[in-house]
Amino acid sequence: MKDIITLGIESSCDETSVAVIKNGREILSNIIDTQIPIHEKYGGVVPEIASRNHIEAISRVTKKAIKDANISLLQIDAITPTYGPGLVGALLVGLSYAKALSYAIKKPLVGVNHIQGHIAANYLTYKELKPPFICVMTSGGNTQIVKVEDYTKFQVLGKTRDDAIGEAFDKVARVVGLGYPGGPKVDKLAKEGKPNIELPKTHFENLDFSFSGIKTAVINLHHKNPDINRADLCASFQKTVTEILLENTKKAINQTGIKVIALAGGVSANSYIRKEFLKLEKEDIKVYMPDLKLCTDNAAMIGSAGYYNYISGKRDNLDLNAVPNLKL
């Protein structure tokens, strides 16, 4: 069988990334041009600045990805860009470049849902992983429990009703004075503290989440007592949100009978969350989590998801538009 090469393009937020992927499972190159140092001074991503930097980086990053993969453009079978969800201006840069490239080299355009990409990061890490499984999707913009029925077929079992978990991490970090990006900084400081502060949990009958209450509780505690131990506060926040994730994950296992779990998204890089989820293996539940470098936004995961879209027959026209609030 002929190898299928996809060119993944990711520009949904503050990473300009292009990757070359073989058969959905092998990374030939994965170039990531991050804007974190640019946005750090603003305490978060500034959409207009992100878009401008994508424009400056996209051509250079693509050329490097092709060179590092040691292939020619004509060896690519499909151009697979992220078209949502994300920041509309940022998405349009990668998508427009992908459409121009598709037209120029006469190769199919196959759009990719960014959330599907995060799920596919596990296929690059674990060659043996196949659907069905339960994916716990935790990122800056999304928190969902997804039943992955097939490579391109998904059922959302539960989702956040307010803040995404990554958003809550960033807001907590900002309040306690850690800055941006918040997730890694909360994770690091929490290692120095004890989870000895009681924080509220919001429960629903279904598998939905709410992280707004716990975020507000942390903010109020810090405002009322500015001298509160920041490490203890971070450790308590991290422990409580992990417990919320685990409770709903166990409900999903009971509901579906599927005992294979995969983590996905930027927050799945959190060391405490990874450690606690691995404990599920003592209950005869198989747990997968992507390589750390594939947890945050990257084009390798987009190229992998694009491969599965391509072989399933998905093709997009050049009028494909960015969809900032695209659902799975």
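Colleague: What makes strand 6 (residues 133-138) and strand 7 (residues 143-150) a pair?
Modeller: Two strands pair if DSSP finds at least two bridges between them, and these two have six, in the antiparallel sense, so they qualify. Strands here are DSSP runs of E with at least two residues, and helices are runs of H or I with at least four, each numbered from the N terminus. Ile 134 has Lys 147 of strand 7 as its bridge partner, and Val 136 stands opposite Ile 145. Four residues sit between the two strands, which form a hairpin.

Colleague: Before we go on, what sort of model is this?
Modeller: A predicted one: local features need pLDDT of at least 70 and side-chain atom pairs count only at pLDDT 80 or more, while totals for chains, interfaces and linings use all residues. Residues are numbered from 1 along each chain as its sequence is written, and side-chain values use heavy atoms, with hydrogens and water left out.

Colleague: How do you know that strand 6 also pairs with strand 9?
Modeller: Four bridges join them, running parallel, against the at least two required. Val 136 turns up again, with Leu 263 as its bridge partner in strand 9.

Colleague: Why are strand 8 (153-159) and strand 10 (286-288) said to stand at the edges?
Modeller: The open sheet has five strands in the order 8-7-6-9-10, with mixed pairing. Strands 8 and 10 each have a single partner strand, so one side of each lacks a neighbour in the sheet.

Colleague: Why is strand 6 called mostly covered?
Modeller: Buried means under 20% relative accessible area (1.4 Å probe, protein chains only; exposed is over 50%, partly exposed in between), and six of its six residues are buried. Phe 133, Cys 135 and Met 137 lie on one side, with Ile 134, Val 136 and Thr 138 on the other. In general, side chains in a regular strand alternate between the two faces of the sheet.

Colleague: How do you know that the span of helix 8 (residues 230-256) agrees with what it should be?
Modeller: The expected span is 1.5 Å times one less than the number of residues. For 27 residues that should be 39 Å, and the end C-alpha atoms are 39 Å apart, so the two agree. Just after the helix, Gly 257 takes a positive phi of about 80°.
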